[in-house]
Amino acid sequence: MSATSQEAAPMPPKQETPFRRFISEYSESPVAVVSFIVVVLIVAIALLAPWISPQDPYDLAQLDIMDGRQPPGSRSMETGLFFWLGTDDQGRDMLSGIMYGLRISLGVGVGSAVIACIIGSALGLIAAFAGGKVDTGIMRLVDLQLSFPAILVALMILAFLGKGVMNVMLALVIVEWARFARTARSAALVEARREYMEAAKCLALPQWRLVFRHMLPNCMPPIIVIFTILVARSITLEATLSFLGLGVPITEPSLGLLIANGYQYMLSGKYWISFYPGIALLVTIMAINLVGDQMRDVLNPRLKR
Amino acid sequence: MTTWMLRRLIQAAFVMLVMTVIVFIGVNVIGDPVEILISPEADQAERARAVAALGLDKPLWEQYWRFLSGALQGDLGRSFVFNEPALKLIAQRMPATLELAITAVLLSVIIGIPLGLYAGLKPNSIGGRIIMGGSILGFSLPTFWVGLMLIMVFAVQLGWLPSTGRGPTRELFGVHWSFLTWDGLRHMALPALNLALGNIALVLRLTRAGVRENLPMDYVKFARAKGISPNRVVFVHVLKNILIPIVTVVGLEIGGLIAFAVVTESVFAWPGMGKLIIDSINVLDRPVIVAYLMMIVLLFVVINLIVDLLYTVLDPRVRLETKE
C-alpha cells in the first residue's frame with residue numbers, strides 16, 4: 001500500500017510512451033534485434049510461400065520422379081529448375097517444401113498457442129478473482145496436468161483421436177493452457193491488490209468489466225512473454241509428434257514430417273532431405289526463443305534498472 | 001509424518017483413479033470400443049459374441065468397473081499384433097527403456113555438475129559464457145533433430161558408434177541388459193547422450209545458480225576464515241547445499257526421461273517401451289496403448305511420491321515443518 005506514489009505520478013511526457021520505451025529497451029541487445037528480424041522474415045516466407053517458392057511442391061504435375069534425391073545445387077533434367085537445397089524422393093524441390101512446411105508448422109504452433117492463451121488466461125484470471133473453491137479446483141487441475149510431461153499428454157490425446165492438423169492443435173492446446181492459467185493467475189493476484197482495482201471496485205463496475213477491462217491489460221506483460229516461449233515450444237512439439245508419425249497427415253507436411261521423410265535416406269549419406277528442414281526448424285525455434293528471452297528481461301519489473 | 005505420508009498416499013491413489021477414468025473415457029467414449037478392442041478381421045457373428053463377452057452392451061459405469069478390476073488384477077487385454085498379454089509385452093520392453101533413462105540421468109549429473117560448477121565459479125570467463133550459451137541450445141533444440149545429427153556425425157560420417165538397436169545383451173536377475181557388454185555400451189552411447197542433453201543443460205543451470213547463490217553466504221565466508229582449502233569449501237560445503245534442489249529436479253526428471261525416451265527410441269530404433277507404443281499407435285494395437293498409458297501414469301505417481309519422501313529426508317526444514 002505504500003509503493004503507490006510512483007503509480008500515482010503524472011503521465012510521462014509524450015515522447016516517452018510505454019511502447020516507445022519498450023522498443024528502445026528491447027533494441028539494446030543486437031542479438032534480440034537480429035532475432036526479431038529473423039522471426040519477421042520467417043513469418044513473411046510462411047505467408048508468401050505460394051507466391052515466392054520456385055515450385056508448388058504439392059502440385060503433382062510439376063514434379064518429376066526423375067528428379068528424385070538430387071543433391072543441393074543440381075538442375076532438373078526436365079524443367080531446368082535449379083534445386084538450391086536438393087530434392088526429396090518424389091523429386092520435390094526442398095526449398096519449396098520447406099517454405100510450405102513453415103506455413104503449417106507456424107500455423108499450428110501460433111494457432112494452438114493463441115487458443116491456449118485465451119482459454120488459459122481466462123481461467124487463470126477467474127481463479128485469481130473468484131478465489132476459494134473455484135481457485136483450488138482450477139489450480140489442482142493445472143498442477144495435475146503439469147506433473148505429466150507435455151509429450152506424454154500429447155501422445156495420449158493423439159493415441160485416442162488419431163492424426164490430423166486439428167487433433168494436433170487440440171493436443172497442443174490441452175498441453176499448454178495450464179501454463180497460461182498459472183501465469184495469468186499469479187499476475188492477477190498481484191494486480192488485484194493494487195489501488196486502481198480498489199478504485200474500480202468502488203465504482204461498482206460489473207465483475208466481468210473489472211476482470212477483463214481493468215485487470216487483464218495489466219496482466220498482459222508476463223502473458224505475452226510466456227506466449228512467445230510457448231509458441232516455440234508448440235512448434236517443437238508439433239515437429240516431434242509429426243516426426244513420430246502421430247502429427248500432421250502426409251497431405252499437409254510440416255517441417256517435422258519433412259525431416260521424418262528424409263530420415264531413411266540419411267544413413268545412405270543423402271543428408272539434405274532431413275538436414276535443411278531441420279535447420280529451418282532450428283532457426284525458427286531459436287529466433288522465437290531469443291525474442292521471448294529479451295522480452296522477459298525488458299518486461300520483468302524485478303530486473304528494471 | 002505418518003499422517004502426512006498417509007495423506008500423500010491417498011492423493012497418489014486418487015490421481016491414479018482419475019487417470020484410469022480418463023484413459024477409459026478416451027478409449028471407450030471418444031474412440032469406438034468395438035473397433036478398438038475387437039480385431040478388425042472378425043466377422044459379424046464373432047463381433048456380436050465379442051461385444052457380449054467384453055460386456056459392451058452393459059451400461060458405462062459397469063464397463064468401467066470391469067476395466068478397473070481387470071487393471072487391478074494386472075489384466076489389460078491382449079495385443080492384437082503379438083497375441084500376448086499387453087502388460088507382459090511392456091514388462092519385456094521396460095528394462096531397455098529404464099537402462100537408457102538411468103544412463104541418461106548419470107550422464108546429466110556427471111557432465112552437468114562439473115560444467116555448472118565451472119560456470120558458477122567463473123561466471124565471466126569465456127569458458128563460463130560458452131557453457132551458458134550452449135545450455136540454451138540444450139534446452140531449445142528438438143530432441144529428435146539432435147538425435148539425427150548425432151547419427152549423421154558419429155555413425156555415418158565418422159563411423160565411430162553404431163546408430164541403431166541395442167547390441168548384444170547379457171542376463172542379470174533374469175533380465176537382459178545392454179550395459180553389461182562392451183558392444184551394448186557402444187550401442188547405448190548415442191541414444192543415452194541424446195536423451196540426456198536437455199537434462200545436462202538443466203543440471204548445469206541449477207548447479208551454476210546454486211553456486212552463485214551460495215558463494216556470498218556467511219557459512220562460506222566462515223569456512224574460508226577457518227582456513228579450509230578452497231577446494232574443500234566448494235566440493236564439500238557448497239556442493240552439499242546445492243545437491244538438494246538437484247536431487248529433486250533430477251528425480252522428477254526421470255519420469256520425463258522415460259516419457260521422452262519415446263522420441264529417442266524411435267530415432268535410434270532402441271527396442272524399449274517408447275518404440276513399442278509408437279509402433280502400437282501406428283498399427284492401432286489399442287490394448288498395448290492402454291497398458292502403456294496406465295503403466296507410465298503409475299510410474300509417474302510413484303516417482304512423484306518417492307521424490308517427495310526423499311525431499312523430506314534430505315531437507316530437515318521440510319521435516320520440521322510437517323512435525324508441527
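Author: Contact here means heavy atoms within 4.5 Å. The model is predicted: local features need pLDDT of at least 70, side-chain atom pairs count only at pLDDT 80 or more, and totals for chains, interfaces and linings use all residues. Residues are numbered from 1 along each chain as its sequence is written, chains are lettered from A in the order in which they are written, and side-chain values use heavy atoms, without hydrogens and water.

Reader: How many residues of chain B are in contact with chain A?

Author: Take the side of chain A to begin with. It brings 32 residues to the contact. On the side of chain B the count is 40.

Reader: How much area do chain A and chain B bury between them?

Author: Buried area is the accessible area (1.4 Å probe) that two parts lose on being put together, summed over both. Carbon and sulfur atoms hold 85% of it here. The total is about 3,300 Å².

Reader: Which helix of chain A gives the most to the side that touches chain B?

Author: Helices are DSSP runs (H or I, at least four residues), numbered from the N terminus. Helix 6 (150-161), helix 9 (207-243), helix 10 (255-266) and helix 11 (272-299) of chain A each give two or more residues to that side. With nine residues, the top contributor is helix 11 of chain A.

Reader: How many salt bridges does the rule find across the interface of chain A and chain B?

Author: A salt bridge needs a side-chain nitrogen of Lys or Arg within 4 Å of a carboxyl oxygen of Asp or Glu. Across the interface of chain A and chain B, the number found is zero.

Reader: Which element of chain B has the highest mean pLDDT?

Author: pLDDT is the predictor's confidence in each residue, from 0 to 100. Chain B averages 79, and chain A averages 81. Within chain B, helix 13 (residues 316-323) has the lowest mean, 56. The highest, 87, belongs to helix 5 (residues 86-121) of chain B.

Reader: What ipTM does the predictor give the complex?

Author: The predictor scores the complex in two ways. Its pTM is 0.81. Its ipTM is 0.78.
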